[in-house]
Amino acid sequence: MKSERGQGTVEWVALLATVSLLFLALVTAGVRVPGASLAGAVASKLLCAAALADSCGDEPALIAAYGTEVGKLVREHMPSIFFERGSRALPVDFRRCRSTACGDGPESGFVRRSDSGLPVTAFVHVVDCRAGAAATSESEGAKCSGPRAGNLYIQYWTYYADSATLRGIPIVGDAGYHRDDWEGVQIRIGPDGEVDERASSHNGYNDAAGVADWGSDAGIAPVRDASEALGARPAGGWGPETHLLFVAGGSHAGSVAGILQVGRLTLSHNVHLVPLEPIAAAGSPPGFAISPPWLKRVWRDPEEEGTG
């Protein structure tokens, strides 16, 4: 039995690749294939088996969801995540874990999984406002007018089991604590190829956190707008892409330029990426203490400055 390696010939691999790519092409093109979701999953696994996917990673599933070009961009622009020293929480798949018991991980080093073995995960949502795609995006409820026109937006959403903004300050008790925490980082690719990045931070979005961002963090629009009008912070919190996401301990507030004392990190290619649109279409799981991404305004308006 040890000598029977199965059908490993070049012809068999080519057949697997052809059938798999056909499945993915039909699903991506919007053709109503019976059992399309199953076909896409099987095709991705077959491609991995044929060693055509990148270490059996996320790219086949991303291409099936968004097409070849956008799927590859989604994988390419996922930033590496740096966590503040002393923190243990990791972003995980909420469908498998909604408690710190399964969501916490090592306090230092390169981190790929939680202590319970769950992969570091980010969910993906794409808003394509480029010519040729904007009409489809708008028909699905997205806003692509004005400064959004011509841009491709990639939203990476991270789920944590809870948030404790004032963790470590005993006198505050439960203040600043809530179950379920949705944070994230967003990418904006302009018509000229320029790429901007911003991260969720409390009630707004920032690039590099600082005093000028307090109005955004607090959700006080006049203060935020004044800071932007004075040039103290970039409009909408968008700054140049750094390919980095810095996550504060406790609150998980983010920035894309480092000011934290970093204790551990997850490299971008080690973050498991999951298309969020099918999950959103299936409806919200019960009991979220914080609105999930598909119920936030930024889901439809990618230039929205609030996180609610």
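1. Cys97 is a buried residue, with a relative accessible area of 2%. The structure discussed here is a predicted model. A disulfide joins Cys97 to Cys102, with an S to S distance of 2.0 Å. Cys102, at 16% relative accessibility, also counts as buried, because the cut-off for that term is under 20%. The torsion about the S-S bond of Cys97 and Cys102 is about 100°, so this disulfide is right-handed.

2. A search of the whole structure finds two disulfides. Besides the link of Cys97 and Cys102, there is one between Cys129 and Cys144, whose sulfur atoms are 2.1 Å apart. This pair links distant parts of the chain, 15 residues apart: Cys129 lies in the loop between β3 and α6 (134–139), and Cys144 in the loop between α6 and β4. The link of Cys129 and Cys144 is left-handed, with -75° about the S-S bond. Cys129 counts as buried at 3% relative accessibility, and Cys144 is buried with a relative accessible area of 4%. With bonded cysteines counted along the chain, the disulfides follow the pattern 1-2, 3-4.

3. The next point concerns aromatic rings. How many aromatic pairs does a search of the whole structure find? The search gives twelve. One of them is formed by Phe94 and Phe288, which are edge-to-face, 5.4 Å centre to centre and with 65° between the planes. Phe94 is in the loop between β1 (80–84) and α5 (100–103), while Phe288 is in the segment after α9 (277–281); the pair links distant parts of the chain, 194 residues apart. Phe94 and Phe288 are both buried.

4. Phe288 also pairs with Tyr159. The centres of the rings of Tyr159 and Phe288 are 6.2 Å apart and their planes are at 65°, so this pair is edge-to-face. Here too distant parts of the chain are linked: Tyr159 belongs to strand β4 (residues 152–164) and Phe288 to the segment after α9, 129 residues apart. Both Tyr159 and Phe288 are buried. Phe94, Tyr159 and Phe288 are among the members of one aromatic cluster, which also includes Phe123, Trp182 and Trp294.

5. The charged end of Arg198 sits over the ring of Tyr205, 4.1 Å from the ring centre. The charged end of Arg264 sits over the ring of Phe83, at 4.4 Å from its centre.

6. The largest nonpolar core has 29 residues, of which Val74, Ile81, Val124, Ile154, Tyr156 and Leu273 touch the most other members. Several elements each supply at least two residues of this core, including α3 (59–66), α4 (68–77), β1, β3 (121–128), β4, β5 (177–189), β6 (195–201) and β9 (244–247). Which element gives the largest share of this core? It is β4, with four residues.

7. What does Val124 touch, not counting residues up to four places away in sequence? Its contacts are Tyr66, Val74, Ile154, Gln155, Tyr156, Leu273, Val274, Pro275, Leu276 and Glu277.

8. Helix α3 has Pro60, Leu62, Ile63, Ala64 and Tyr66 buried. Tyr66 is also one of the residues touched by Val124. α3 is followed by Gly67, which has a positive phi, near 90°.

9. In helix α8 (residues 221–229), the buried residues are Arg224, Ser227 and Glu228. Seen down the axis of α8, these buried residues fall within an arc of 100°, so they line one face of the helix. An α-helix has 3.6 residues a turn, so residues three or four places apart point the same way. Pro222 and Ala229 are exposed, on the other side of α8. The residue Gly231 follows α8 and has a positive phi, near 80°.

Terms used: Residues are numbered from 1 along each chain as its sequence is written. This is a predicted model: local features need pLDDT of at least 70, side-chain atom pairs count only at pLDDT 80 or more; totals for chains, interfaces and linings use all residues. Side-chain values use heavy atoms; hydrogens and water are left out. Rings of Phe, Tyr and Trp (its six-membered ring) pair if their centres lie within 6.5 Å; planes under 30 degrees apart count as stacked, over 60 as edge-to-face and the rest as tilted. Buried means under 20% relative accessible area, exposed over 50%, partly exposed in between (1.4 Å probe, protein chains only). A charge sits over a ring if NZ of Lys or CZ of Arg is within 6 Å of the ring centre and within 35 degrees of the ring normal. A nonpolar core is a set of buried Ala, Val, Leu, Ile, Met, Phe, Trp, Tyr and Cys residues joined through side-chain atoms within 4.5 Å. Contact means heavy atoms within 4.5 Å. The arc is that of the directions from the helix axis to the C-beta atoms. A disulfide is a pair of cysteine sulfur atoms within 2.5 Å.
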